[in-house]
Amino acid sequence: MASKNIKAVVVRGDGFVEVAKPREFERLVEEVARIDEHIVNIEKAYIIRKGVRRSSDTLPKRFLKESVRMGPSAGHVIELSRMLDEYYSVRGWDPESGVPTEAKLRELGLQDVAEDLRKHGVNLK
């Protein structure tokens, strides 16, 4: 999910505060996560159409050369390739190219996006 700042509280004009029931809140979080997944995959498909692939998914050179200074990762340098492998796996994208897989797009009901990518010469796995 893109944002973890969701609050289950509604404040009415009279100052009364109502907290959402746990199951209702869970459904809301699930719906927001589903919408987020659609948005991320549509955005990715758009930049894929523009020629962006795994080699373009990078961080500033400083993050790739200098070790982390503080926190639990202090002293370590970011392993971008490993991070991308994990991220693409979680997203359901092809680990070699960074392109959403046909199965992922179908799962999300984005067959039209898959077809559009094919029309633009993108091979989906």
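Okay, let's start at Lys104, which touches Glu37, Asn41, Arg91 and Gly92, leaving out residues up to four places away in sequence. Contact here means heavy atoms within 4.5 Å. This is a predicted model, so local features need pLDDT of at least 70 and side-chain atom pairs count only at pLDDT 80 or more, while totals for chains, interfaces and linings use all residues. Residues are numbered from 1 along each chain as its sequence is written, and side-chain values use heavy atoms, with hydrogens and water left out.

Back to Lys104: buried or exposed? Lys104 is buried, at a relative accessible area of 9%; buried means under 20% relative accessible area, with a 1.4 Å probe and protein chains only. Lys104 sits in helix α4, residues 102-107. Helices are DSSP runs of H or I, at least four residues, and strands are E runs of at least two, numbered from the N terminus.

Zooming out, the chain has five helices and two strands, running β-β-α-α-α-α-α from the N terminus. Of its 125 residues, 24% are buried.

Now the core. A nonpolar core is a set of buried Ala, Val, Leu, Ile, Met, Phe, Trp, Tyr and Cys residues joined through side-chain atoms within 4.5 Å. The largest one has 11 residues, including Ala45, Ile48, Leu105 and Leu117. Helices α1 (22-49) and α5 (111-119) each supply at least two of its residues, and α5 gives the largest share, three. Leu117 is in contact with Ala45, Ile48, Arg49, Leu105, Val122 and Leu124, setting aside neighbours within four places in sequence. Apart from that core there's another, of five residues, among them Val40, Leu80, Leu84 and Trp93.

Methods: Buried < 20%, exposed > 50% of the residue type's maximum accessible area, 1.4 Å probe, protein only.
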